Amino acid sequence: MCVEGAVEHEFYVILGGRVKVTKKINNETDRVLNYLGQGDFFGEMGLIHDAPRAATVIAETDILVLEVDEIGFNQVLEEVSTISMAMVKEVSRRLRDNDDMAIEDLREKASELAIAYQRLAELDLARREFLTTIAHELRTPLTSANGYMSAIKMGMVGDDDLAQILDIVSANLDRLTMLTNDILFLQEMELILSEFESINLISLLEQVIESERAFAEKIGVSIDLECDLDEVMISGDVASLEKAFKAILNNAIKFSFSDGRVLVSLKKEKGGVVVQILDEGIGVSEEDLPHIFTRFWRREKFENRLFDGVGLGLSIAKQVIAQHGGEINVESEEGQGTKVTVLL
């Protein structure tokens, strides 16, 4: 019927049918302002000045309208003063409505801008924390390895101590390799979707447990696998799933008390399989629980115990499980242990 931005001089009274009134917001999105039917009217501003249409009016059904042009309307105004007054009141009301709409748009834009600024601030903080964490995690093993290697080169290490010192250097290099691999793994996962294959989940979990058993024995933690099934076949990527479950299990061991127990269980349920990793360790506080999947967030200390790591394990696990169409949930209470549930 009329188009926003066009300069027209007709006024319409709807005698039958229905129209939709829309307006572009931010020069992109069409917002529906109103629906008009029999007895409603639009376009009155076009009778009194040359400003462009403030909105677009689209017929939604077959309609019947009374069309009044500017010349004929001016003739009526000269003869009937009450129409002039009614026109002034209506124009005033429409202007107020337009003002209210403009104010609401400004409020929305202000809210969107505030959210965007908040997100930028969070991203900047995350970036700075990331750089600080990475610098620390890289510097510590590099400094240690470099110091010992310098001592060896200068002849300050005797034959009796050489093997032990090389073991320390090797452990620090392994730590650097693990950190680098984790960062690259996250980046690759965002860019490349692995091809899935048929996997026996029981065998995979057994391999993960064996790979972490030495670490568990060092802390004094036992690991048990509980499963009544002979075979549980799923579709997935072996390397990434192994990395995910290893990260979860490593956390369970690391945050356990000495002489503690970690239980890994596997069972079938309607709609999939459920893997639970339960520990009796230090747990996670209610305040910290929402942050455990955030990259580089980590628990550094509990009483007199210090924990290493960069806080990538659970974020990797969450991303892997999501890539496999699954879910991961964590239930925990500080001092009472943690239960991680993975549904695939």
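Biologist: Happy to look at this with you! Is Asp124 buried, partly exposed or exposed?
Modeller: This is a predicted model, and the relative accessible area of Asp124 in it is 30%. Buried would need a value under 20% and exposed a value over 50%, so Asp124 counts as partly exposed.

Biologist: Which residue forms a salt bridge with Asp124?
Modeller: Side chains of opposite charge can pair when their charged atoms come close. For Asp124, the closest N and O atoms of the pair are 3.1 Å apart. The partner has a relative accessible area of 41% and is partly exposed; it is Arg128.

Biologist: How many residues apart in sequence are the parts tied together by Glu8 and Arg53?
Modeller: Their side chains meet in a salt bridge at 2.7 Å, N to O. Glu8 sits in the segment before β1 (10-16), while Arg53 sits in the loop between β4 (41-42) and β5 (56-59), so the parts that the pair ties together are apart by 45 residues.

Biologist: And is Arg53 itself buried or exposed?
Modeller: Its relative accessibility is 9%. The limit for buried is under 20%, so Arg53 counts as buried.

Biologist: Good to know! Which residue has its backbone oxygen 2.8 Å from a polar atom of the Ser315 side chain?
Modeller: Ser315 is in helix α6 (residues 313-323) and counts as buried, at 5% relative accessibility. Leaving aside neighbours within four places in sequence, Ser315 is in contact with Leu186, Phe293 and Arg295. The backbone oxygen at 2.8 Å belongs to Leu312.

Biologist: Now the inside: how many residues does the largest nonpolar core have?
Modeller: In soluble globular proteins, nonpolar side chains tend to be buried together. Among the elements that give two or more residues to this core are α3 (159-191), α5 (238-254) and β15 (338-343). Ile248 is one of the residues with the most contacts inside the core, whose size is 43 residues.

Biologist: How many residues are in the second, separate core?
Modeller: This core includes Tyr12, Ile14, Phe42 and Val57. Its total is 9 residues.

Conventions. Residues are numbered from 1 along each chain as its sequence is written. This is a predicted model: local features need pLDDT of at least 70, side-chain atom pairs count only at pLDDT 80 or more; totals for chains, interfaces and linings use all residues. Side-chain values use heavy atoms; hydrogens and water are left out. A salt bridge is a side-chain nitrogen of Lys or Arg within 4 Å of a carboxyl oxygen of Asp or Glu. Helices (H or I, at least four residues) and strands (E, at least two) are DSSP runs, numbered from the N terminus. Buried means under 20% relative accessible area, exposed over 50%, partly exposed in between (1.4 Å probe, protein chains only). A polar contact is a pair of N or O atoms within 3.5 Å; within protein, one must be able to donate a hydrogen and the other to accept it, and residues adjacent in sequence count only if both atoms are side-chain atoms. Contact means heavy atoms within 4.5 Å. A nonpolar core is a set of buried Ala, Val, Leu, Ile, Met, Phe, Trp, Tyr and Cys residues joined through side-chain atoms within 4.5 Å.
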